[in-house]
Amino acid sequence: MEELAYASTEAPRFDAAFRAGFAELLAWRRDVRHFRSGEAPDEAMLAELFDLAALAPSVGNCQPTRFVRVDEEARRAAIRANFEAANREALGAYRGERAELYARLKLAGLRDAPVQVAVFCDEATEQGHGLGARTMPEARRYSAVCALHTFWLAARAHGLGVGWVSILDPAGIAGALDVPRAWAFIGYLCVGWPREEHLIPELERVGWQRREAHPMLRR
(Lines give C-alpha, C1' and ligand atoms only; values in the text may rest on other atoms or scores of the structure.)
Protein backbone atom coordinates (compact mmCIF):
# COMPACT_ATOMS: atom_id res chain seq x y z
CA MET A 1 0.00 0.00 0.00
CA GLU A 2 2.86 2.36 0.76
CA GLU A 3 4.26 1.80 -2.73
CA LEU A 4 0.84 2.50 -4.23
CA ALA A 5 0.52 5.70 -2.21
CA TYR A 6 3.71 7.11 -3.68
CA ALA A 7 3.52 5.60 -7.15
CA SER A 8 3.43 8.11 -9.97
CA THR A 9 2.17 7.27 -13.44
CA GLU A 10 1.86 9.74 -16.24
CA ALA A 11 -1.71 9.94 -17.53
CA PRO A 12 -2.17 9.16 -21.23
CA ARG A 13 -2.88 12.00 -23.63
CA PHE A 14 -5.83 11.34 -25.90
CA ASP A 15 -5.32 13.26 -29.13
CA ALA A 16 -7.94 14.59 -31.54
CA ALA A 17 -7.79 11.45 -33.69
CA PHE A 18 -8.56 9.26 -30.68
CA ARG A 19 -11.42 11.52 -29.59
CA ALA A 20 -12.88 11.42 -33.08
CA GLY A 21 -12.62 7.64 -33.11
CA PHE A 22 -14.31 7.44 -29.72
CA ALA A 23 -17.17 9.63 -30.92
CA GLU A 24 -17.53 7.33 -33.93
CA LEU A 25 -17.62 4.30 -31.63
CA LEU A 26 -20.44 5.87 -29.61
CA ALA A 27 -22.36 6.68 -32.77
CA TRP A 28 -22.00 3.14 -34.12
CA ARG A 29 -22.96 1.44 -30.87
CA ARG A 30 -26.22 -0.02 -32.06
CA ASP A 31 -28.75 -2.26 -30.38
CA VAL A 32 -28.34 -5.28 -32.67
CA ARG A 33 -31.16 -7.78 -33.15
CA HIS A 34 -30.04 -9.41 -36.41
CA PHE A 35 -27.03 -11.73 -36.16
CA ARG A 36 -25.15 -13.91 -38.63
CA SER A 37 -26.11 -17.46 -37.72
CA GLY A 38 -23.44 -20.04 -36.99
CA GLU A 39 -20.65 -17.48 -36.50
CA ALA A 40 -19.58 -17.00 -32.90
CA PRO A 41 -16.76 -14.78 -31.62
CA ASP A 42 -13.78 -16.71 -30.30
CA GLU A 43 -13.35 -17.28 -26.59
CA ALA A 44 -10.18 -15.19 -26.31
CA MET A 45 -12.05 -12.15 -27.63
CA LEU A 46 -14.92 -12.70 -25.21
CA ALA A 47 -12.51 -13.06 -22.29
CA GLU A 48 -10.93 -9.74 -23.25
CA LEU A 49 -14.35 -8.06 -23.35
CA PHE A 50 -15.24 -9.27 -19.86
CA ASP A 51 -11.85 -8.09 -18.59
CA LEU A 52 -12.53 -4.64 -20.05
CA ALA A 53 -15.99 -4.59 -18.44
CA ALA A 54 -14.25 -4.96 -15.07
CA LEU A 55 -12.69 -1.52 -15.63
CA ALA A 56 -16.10 0.15 -15.42
CA PRO A 57 -16.74 2.40 -12.41
CA SER A 58 -18.63 1.01 -9.43
CA VAL A 59 -19.84 2.67 -6.26
CA GLY A 60 -17.33 2.18 -3.45
CA ASN A 61 -15.35 -0.05 -5.82
CA CYS A 62 -17.82 -2.81 -4.92
CA GLN A 63 -17.89 -4.35 -8.43
CA PRO A 64 -21.36 -5.89 -7.99
CA THR A 65 -21.81 -7.00 -11.61
CA ARG A 66 -22.40 -10.69 -12.19
CA PHE A 67 -22.33 -12.02 -15.75
CA VAL A 68 -24.08 -15.33 -16.45
CA ARG A 69 -23.18 -16.96 -19.76
CA VAL A 70 -26.24 -18.85 -21.00
CA ASP A 71 -25.20 -21.80 -23.17
CA GLU A 72 -27.68 -24.58 -22.38
CA GLU A 73 -30.48 -24.83 -24.92
CA ALA A 74 -33.10 -25.61 -22.26
CA ARG A 75 -32.28 -22.39 -20.42
CA ARG A 76 -32.26 -20.42 -23.65
CA ALA A 77 -35.68 -21.84 -24.49
CA ALA A 78 -36.94 -20.69 -21.08
CA ILE A 79 -35.59 -17.20 -21.77
CA ARG A 80 -37.35 -17.11 -25.15
CA ALA A 81 -40.64 -18.22 -23.59
CA ASN A 82 -40.23 -15.53 -20.94
CA PHE A 83 -39.67 -12.89 -23.62
CA GLU A 84 -42.63 -14.01 -25.73
CA ALA A 85 -44.99 -13.82 -22.75
CA ALA A 86 -43.70 -10.39 -21.70
CA ASN A 87 -43.85 -9.17 -25.28
CA ARG A 88 -47.49 -10.21 -25.66
CA GLU A 89 -48.33 -8.36 -22.47
CA ALA A 90 -46.46 -5.27 -23.65
CA LEU A 91 -48.31 -5.32 -26.98
CA GLY A 92 -51.59 -5.22 -25.09
CA ALA A 93 -50.67 -1.84 -23.64
CA TYR A 94 -50.70 -0.15 -27.07
CA ARG A 95 -53.61 0.76 -29.31
CA GLY A 96 -54.17 1.63 -32.95
CA GLU A 97 -51.25 2.38 -35.25
CA ARG A 98 -48.77 2.24 -32.38
CA ALA A 99 -49.87 -1.32 -31.59
CA GLU A 100 -49.59 -2.29 -35.26
CA LEU A 101 -46.07 -0.90 -35.42
CA TYR A 102 -45.06 -2.58 -32.16
CA ALA A 103 -46.29 -5.93 -33.47
CA ARG A 104 -43.98 -5.62 -36.48
CA LEU A 105 -40.85 -4.79 -34.47
CA LYS A 106 -38.09 -7.35 -34.01
CA LEU A 107 -37.14 -6.67 -30.42
CA ALA A 108 -34.67 -9.45 -29.64
CA GLY A 109 -32.13 -11.69 -31.33
CA LEU A 110 -32.74 -14.58 -28.97
CA ARG A 111 -33.04 -17.20 -31.70
CA ASP A 112 -29.87 -16.45 -33.62
CA ALA A 113 -27.40 -14.73 -31.24
CA PRO A 114 -24.52 -17.20 -30.72
CA VAL A 115 -23.53 -15.74 -27.34
CA GLN A 116 -26.08 -14.80 -24.68
CA VAL A 117 -25.28 -13.23 -21.34
CA ALA A 118 -27.55 -12.31 -18.45
CA VAL A 119 -26.34 -9.39 -16.34
CA PHE A 120 -27.14 -9.22 -12.64
CA CYS A 121 -26.25 -6.99 -9.70
CA ASP A 122 -25.23 -8.69 -6.46
CA GLU A 123 -27.00 -6.45 -3.97
CA ALA A 124 -25.65 -8.42 -1.01
CA THR A 125 -22.01 -8.00 -1.94
CA GLU A 126 -19.69 -7.09 0.92
CA GLN A 127 -17.15 -5.63 -1.46
CA GLY A 128 -16.87 -1.90 -1.06
CA HIS A 129 -18.05 -2.13 2.57
CA GLY A 130 -21.21 -0.18 1.73
CA LEU A 131 -19.34 2.98 0.75
CA GLY A 132 -21.59 5.26 -1.28
CA ALA A 133 -24.54 2.89 -1.18
CA ARG A 134 -26.02 3.47 2.26
CA THR A 135 -28.28 6.34 1.18
CA MET A 136 -28.51 5.18 -2.45
CA PRO A 137 -28.35 1.36 -2.56
CA GLU A 138 -29.58 1.54 -6.15
CA ALA A 139 -26.11 2.86 -7.03
CA ARG A 140 -25.00 -0.77 -7.11
CA ARG A 141 -27.41 -1.40 -9.99
CA TYR A 142 -26.19 1.72 -11.74
CA SER A 143 -22.68 0.29 -11.38
CA ALA A 144 -23.78 -2.91 -13.08
CA VAL A 145 -25.25 -0.86 -15.92
CA CYS A 146 -21.87 0.89 -16.30
CA ALA A 147 -20.19 -2.51 -16.63
CA LEU A 148 -22.80 -3.60 -19.16
CA HIS A 149 -22.23 -0.48 -21.24
CA THR A 150 -18.45 -0.85 -21.06
CA PHE A 151 -18.79 -4.42 -22.33
CA TRP A 152 -21.06 -3.15 -25.11
CA LEU A 153 -18.62 -0.48 -26.31
CA ALA A 154 -15.70 -2.92 -26.16
CA ALA A 155 -17.67 -5.43 -28.22
CA ARG A 156 -18.49 -2.79 -30.84
CA ALA A 157 -14.81 -1.81 -31.01
CA HIS A 158 -14.12 -5.43 -32.02
CA GLY A 159 -16.88 -5.34 -34.64
CA LEU A 160 -19.34 -7.34 -32.57
CA GLY A 161 -22.99 -6.42 -32.15
CA VAL A 162 -24.86 -6.42 -28.84
CA GLY A 163 -28.59 -6.33 -28.22
CA TRP A 164 -29.99 -5.49 -24.78
CA VAL A 165 -33.22 -7.37 -24.10
CA SER A 166 -35.36 -5.90 -21.32
CA ILE A 167 -38.83 -7.20 -22.27
CA LEU A 168 -38.53 -9.96 -19.69
CA ASP A 169 -39.92 -10.93 -16.30
CA PRO A 170 -36.95 -10.62 -13.89
CA ALA A 171 -38.20 -13.25 -11.44
CA GLY A 172 -38.60 -15.74 -14.26
CA ILE A 173 -35.09 -15.04 -15.52
CA ALA A 174 -33.60 -15.54 -12.06
CA GLY A 175 -35.45 -18.83 -11.72
CA ALA A 176 -34.46 -20.09 -15.17
CA LEU A 177 -30.80 -19.35 -14.49
CA ASP A 178 -30.81 -20.50 -10.85
CA VAL A 179 -28.97 -17.49 -9.44
CA PRO A 180 -28.77 -16.33 -5.79
CA ARG A 181 -31.83 -14.47 -4.49
CA ALA A 182 -29.78 -11.34 -3.74
CA TRP A 183 -28.94 -10.90 -7.41
CA ALA A 184 -31.08 -8.29 -9.17
CA PHE A 185 -31.63 -8.77 -12.89
CA ILE A 186 -30.29 -5.90 -15.02
CA GLY A 187 -30.59 -7.07 -18.60
CA TYR A 188 -30.05 -9.86 -21.08
CA LEU A 189 -27.45 -9.44 -23.83
CA CYS A 190 -27.44 -11.05 -27.25
CA VAL A 191 -23.91 -10.98 -28.71
CA GLY A 192 -22.61 -11.88 -32.16
CA TRP A 193 -21.57 -10.63 -35.57
CA PRO A 194 -24.18 -8.23 -37.00
CA ARG A 195 -25.97 -9.36 -40.15
CA GLU A 196 -26.12 -5.75 -41.33
CA GLU A 197 -24.76 -2.37 -40.22
CA HIS A 198 -26.72 0.85 -39.71
CA LEU A 199 -25.66 4.16 -38.24
CA ILE A 200 -29.28 5.12 -37.49
CA PRO A 201 -30.94 3.11 -34.65
CA GLU A 202 -33.51 0.58 -35.85
CA LEU A 203 -36.33 2.09 -33.77
CA GLU A 204 -35.66 5.43 -35.39
CA ARG A 205 -35.51 3.92 -38.88
CA VAL A 206 -38.93 2.28 -38.52
CA GLY A 207 -40.55 5.39 -37.08
CA TRP A 208 -40.94 4.35 -33.44
CA GLN A 209 -38.94 7.13 -31.78
CA ARG A 210 -36.34 9.65 -32.86
CA ARG A 211 -33.10 10.05 -30.94
CA GLU A 212 -32.89 13.44 -29.25
CA ALA A 213 -30.40 15.21 -27.05
CA HIS A 214 -30.91 14.92 -23.31
CA PRO A 215 -32.55 17.96 -21.68
CA MET A 216 -30.12 20.21 -19.88
CA LEU A 217 -31.25 22.33 -16.93
CA ARG A 218 -29.18 24.98 -15.19
CA ARG A 219 -29.79 26.14 -11.68
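Modeller: A pocket here is an open set of grid points with protein on both sides within 12 Å along at least five of seven lines, and its lining residues are those with an atom within 4 Å of a point. The model is a predicted one.

The largest pocket has a volume of about 530 Å³. Its lining is made up of 21 residues. Those that lie nearest the centre of this pocket are Asp31, Arg33, Trp164, Pro201 and Leu203. By class, the lining of the largest pocket holds 11 nonpolar, eight charged and two polar residues. Helix H8, which spans residues 202-205, gives the most to this lining, with three residues.

The second largest pocket holds about 240 Å³ of space. Phe18, Gly21, Phe22, Leu25, Leu52, Leu55, Thr150, Leu153, Ala154 and Ala157 line the second largest pocket. The elements that give two or more residues to this lining are helix H2 (16-28) and helix H6 (139-157). The lining of the second largest pocket has eight nonpolar residues and two polar ones, but no charged residue.

Next, the cysteines. The structure holds zero disulfides. Cysteine 62 is in no disulfide, and the nearest cysteine sulfur, that of cysteine 121, is 6.9 Å away. A disulfide needs two cysteine sulfur atoms within 2.5 Å. For cysteine 146, the closest cysteine sulfur is in cysteine 62, at 11 Å, which is too far for a bond. In terms of burial, cysteine 62 has 3% relative accessibility and therefore counts as buried, the limit for that class being under 20%. Cysteine 146, at 31%, counts as partly exposed.

The asparagine is asparagine 82, in helix H4 (residues 73-91). Its relative accessible area is 12%, so asparagine 82 is buried. Leaving out residues up to four places away in sequence, asparagine 82 touches Leu168, Asp169, Gly172 and Ile173. A contact of this kind means heavy atoms within 4.5 Å.

Terms used
Residues are numbered from 1 along each chain as its sequence is written. This is a predicted model: local features need pLDDT of at least 70, side-chain atom pairs count only at pLDDT 80 or more; totals for chains, interfaces and linings use all residues. Side-chain values use heavy atoms; hydrogens and water are left out. On a 1 Å grid over the protein atoms alone, a cavity is a set of points where a 1.4 Å probe fits but cannot get out, and a pocket is an open set with protein on both sides within 12 Å along at least five of seven lines; lining residues have an atom within 4 Å of a point. Grid points are joined across faces, edges and corners, and a volume is the space filled by probe spheres set on the points. Helices (H or I, at least four residues) and strands (E, at least two) are DSSP runs, numbered from the N terminus. Ala, Val, Leu, Ile, Met, Phe, Trp, Tyr, Cys and Pro count as nonpolar, Asp, Glu, Lys and Arg as charged, and the others, Gly among them, as polar. Buried means under 20% relative accessible area, exposed over 50%, partly exposed in between (1.4 Å probe, protein chains only).
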